[in-house]
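Please read the following report alongside the model, taking each section as a guide to one aspect of the fold.

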Amino acid sequence: MSLPSRKFATRPDRSTRRAATPHKPSRGQACHSPPGRASRDAGDARGDADERRDAGEDGAAAAHKHGHIFDRFARTVTRWTGSSVAFGLALAAIVIWCVTGPLFGFSETWQLVVNTGTTIITFLMVFLIQQSQNKDSQAVHLKLDELLLALRGADDRLVDAEDLDEDELRHLAEHYTRLARHVQGRISRIDEPGDRPGD
């Protein structure tokens, strides 16, 4: 009795499988870009950085220009509003408003005109006066700091004293108060008749 013959599927060898499989580029080859493209990317990155730097410089220059314009405007307005002409115009406006009261029957609209006008002017002048005061205060502090640094024996703690907190300023005030009392006591003892030379 003969056994039926079995047909075994033969496995292709490695060389056959390697030839049948399409070639896939390696990860390093896939990520590697051509030299020309890499140089173009680097050039684009440098160009973007230059553009951002130029934009930052332009923004800083524009902010400085706007600040200078506002500084001149605030200085001119505060100087003019402190003049006698500005006071005369304001007084004339109030007189005219009072005179026209009976013509409008002292109505709410008549009152609203002066209230609105004075409120707007006061609101805007607060910022202009504050800007002028900040600039003048900073200039005065710089001059005082220069004097303190130039004087021999001056206390360097008083330089930038405006940046100290309230407790530190109080301690400094108490220290100089005691120092002033001590100096006044010495002067009073010198001025006594018994302590004067020749008495």
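## Basis and overall fold

Helices (H or I, at least four residues) and strands (E, at least two) are taken here as DSSP runs, numbered from the N terminus. This is a predicted model, in which local features need pLDDT of at least 70 and side-chain atom pairs count only at pLDDT 80 or more, while totals for chains, interfaces and linings use all residues. Residues are numbered from 1 along each chain as its sequence is written, and side-chain values use heavy atoms, with hydrogens and water left out.

The protein chain has six helices and zero strands, and, read along the sequence, it gives the pattern α-α-α-α-α-α. Of its 199 residues, 9% are buried, where buried means under 20% relative accessible area, exposed means over 50%, and partly exposed lies in between (1.4 Å probe, protein chains only). The accessible surface, calculated by the Shrake-Rupley method with a 1.4 Å probe and with only the protein chains shown counting as cover for residues, comes to about 17,600 Å², and 61% of that area belongs to carbon and sulfur atoms. If a contact is taken as heavy atoms within 4.5 Å, then among contacts in the protein chain between residues at least 6 apart in sequence, 32% join residues at least 24 apart.

## Confidence along the chain

The predictor's confidence in each residue is given as pLDDT, on a scale from 0 to 100. The mean pLDDT of the protein chain is 76, and 63% of its residues reach 70 or more. Confidence is lowest in helix 2 (residues 27-31), with a mean of 45, and highest in helix 4, with a mean of 95. Over residues 1-33 the pLDDT is below 50, and this stretch has two contacts in the model beyond near neighbours in sequence. Where pLDDT is low, the predicted coordinates should not be read in detail.

## Salt bridges

A salt bridge is counted when a side-chain nitrogen of Lys or Arg lies within 4 Å of a carboxyl oxygen of Asp or Glu, and by this rule there are three salt bridges. Aspartate 71 pairs with arginine 75, their closest N and O atoms being 3.8 Å apart; both residues belong to helix 3 (residues 35-81), where they are four residues apart, or about one turn of the helix. Aspartate 71 counts as buried because its relative accessibility is 16%, whereas arginine 75, at 33%, counts as partly exposed. Aspartate 71 also forms a salt bridge with lysine 135, with the closest N and O atoms 3.1 Å apart. Lysine 135 lies in helix 5 (residues 108-150) and aspartate 71 in helix 3, so this pair ties together parts that are 64 residues apart in sequence. Lysine 135 is itself partly exposed, at a relative accessible area of 36%.

The remaining pair to describe is aspartate 167 with arginine 170, whose closest N and O atoms are 2.7 Å apart. Aspartate 167 and arginine 170 are separated by about one helical turn because they are three residues apart in helix 6 (residues 166-191). Aspartate 167 is partly exposed at 40% relative accessible area, and arginine 170 is partly exposed at 39%. Salt bridges that share partners join Asp71, Arg75 and Lys135 into one network.

## Annotated spans and a nonpolar patch

An unreviewed UniProt entry carries the annotation "transmembrane region" for residues 85-104 and 110-129; the positions are given in the numbering used here, feature names are shortened, and such annotations may be inferred rather than shown by experiment. In the model, residues 85-104 are 75% helix and 0% strand, with end C-alpha atoms 28 Å apart, while residues 110-129 are 100% helix and 0% strand, with end C-alpha atoms 29 Å apart.

Which residues make the nonpolar surface patch of about 520 Å²? The patch is formed by Ile120, Phe123, Leu124, Val126 and Phe127, under a rule that takes residues with over 30% relative accessible area and no salt bridge, joining like charges within 9 Å and nonpolar side chains (Val, Leu, Ile, Met, Phe, Trp, Tyr) within 5 Å. Phenylalanine 123 lies in helix 5 and counts as exposed, with 52% relative accessibility.

## Loop residues with positive phi

Phenylalanine 106, in the loop between helix 4 (84-99) and helix 5, has phi near 50°, a positive value in a residue other than glycine. Phenylalanine 106 is partly exposed, at 47% relative accessible area.

Aspartate 160, in the loop between helix 5 and helix 6, has phi near 60°, again a positive value in a residue other than glycine. Aspartate 160 is partly exposed, at 38% relative accessible area.
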